[in-house]
Amino acid sequence: MSPVARTYLSKALSIMEEHSLLRHQVDWAQLRSKAFSQAVGARKPADTYGAINVALHDLGDGHSIFWEPNEAKERFGSSVVSFDGLQGRSLKNGPGYISLPGVQGSEKTYDRYVRQGRNAVAEADRGQACGWVVDLRSDTGGNMWPMLAVVGPILGEGKVGMFVDADGNKSVWSIQHGSPYLDGKSVGWGAGRSVAESAPPVAVLTGMRTASSGEAVVVAFRGRPDTRFFGEHTDGVPTGNEAYRLSDGAMLVLTEVKDADRTGRAYDAPIPPDEEIVKDPRPVARHRDEVLEAAQGWLLKQAACR
C-alpha cells in the first residue's frame, strides 16, 4: 500500500474503533488485519473503499454505511423544493392527520421541510383536531430533528427520548415550545405553533419502510400517554448515526447510539405495533387503507373525540 492509502484506511478504522456503538464487542486487531489485507496494493484512497465497506459490515450494527465522494456531495448538498408525502388534512369526525416522509440534505432542505410540515399540521388543525394520526409508514429516515420539529406540538412538552452510547451515556431529546432540543440545547427552527388540544390522543402508523430516523420518531411517541401504534413492525435500525467526512470528500456514516424512549427503554430491533394490520392483498381492498381505518376507529373512541 502507498502511504496515502494506508493513512486513509487507518483513519477510517480509527474512527470506527473510537465511536462505534458495538466497539466493545469487536476484535479490532482482527478487523484491522483483515481490512489491510483486503487493501493490499492500494495506491490512492479510492482503492481502500472496498475494505472500508467490509469493515463497516463486520461491525455488525446493520446501519453504518460508507458514501463515496459523489454520493456524499449529492446527499448533503442537495436542496429539495418539495417533499412527496409531507401533508396534513382533517379526517372525518374530528381527528387531524399528518404524514412524514424521510428527509436528508442541506440545511436549506431541512428548513423547507420544517416550514412545509408545520404548515401541514396547521392545515390539519384548522378544525381544532380532537386527536391525531401520525403516519410514519413512508418515513425511511435521514435527519430526525426536522421531523420532530414538525410533530413537536403533537408530541407535547418535556422529555421524549434519548440516545444511549456504548458506555451507557445518555443524551436527552425533549420538546420545548413545540420544538426539539438535545440535552437542553435547541437544534433549530424556533417555537412551533401549538395545536388545539394540548394533550391529544395519538395513533401512530408504522410499516416495514419506517426506518432509522423514522424509527426515532416512533420511539419518541413510545411511552406517551393516550398513544397507540398501528400497522406493521418497523425496519429494525432504531439507532443513531454520525457522519465523518474523510480527506477526499467521502463520508463514513457510523452507528454510534441506540434510541431509547422516555422511560429509558432502548431499541435495536424492529419495533412492533400495538395492533398489527397487514394490507389485504385482494383487488377489492386495493383502495382501502385498513391501517388508517383502525387508527381512526380507535381515536373516535377516546374521550377527546367522542
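S179 is buried in this predicted model, with a relative accessible area of 2%, where buried denotes under 20% relative accessible area, exposed over 50% and partly exposed the range in between (1.4 Å probe, protein chains only). The residue belongs to strand β7 (residues 179-182); helices (H or I, at least four residues) and strands (E, at least two) are DSSP runs, numbered from the N terminus. The side chain of S179 lies 2.9 Å from the backbone oxygen of G190, a polar contact being a pair of N or O atoms within 3.5 Å, in which, within protein, one must be able to donate a hydrogen and the other to accept it, and residues adjacent in sequence count only if both atoms are side-chain atoms. With neighbours within four places in sequence left aside, S179 is in contact (heavy atoms within 4.5 Å) with R118, S174, G188, W189, G190, A191 and G192.

Residues are numbered from 1 along each chain as its sequence is written, and side-chain values use heavy atoms, with hydrogens and water left out. As the model is predicted, local features need pLDDT of at least 70 and side-chain atom pairs count only at pLDDT 80 or more, whereas totals for chains, interfaces and linings use all residues.

Strand β9 is mostly covered, 5 of its 5 residues being buried. Burial extends to both faces of β9, with V202, V204 and T206 on one side and A203 and L205 on the other. Strand β4 (residues 132-135) runs parallel to β9 and is joined to it by 4 bridges; strands are taken to pair if DSSP finds at least two bridges between them. Within this pairing, A203 of β9 is the bridge partner of V133. Strand β10 (residues 227-231) is likewise parallel to β9, through 5 bridges, and here V204 stands opposite F229. Together, β9, α7 and β10 form a right-handed β-α-β unit, meaning that, with the strands pointing away from the viewer, the path from the first strand over the helix to the second runs clockwise.

G207 lies in the loop between β9 (202-206) and α7 (213-221). At 7% relative accessibility, G207 counts as buried. Residues up to four places away in sequence not counted, G207 touches R137, E232, H233, T234 and D235.

In helix α3 (residues 49-59), the buried residues are Y49, A51, I52, A55, L56 and L59. Viewed down the axis of α3, these residues fall within an arc of 160° (taken over the directions from the helix axis to the C-beta atoms), so they line one face of the helix. Just after α3, G60 adopts a positive phi of about 90°.
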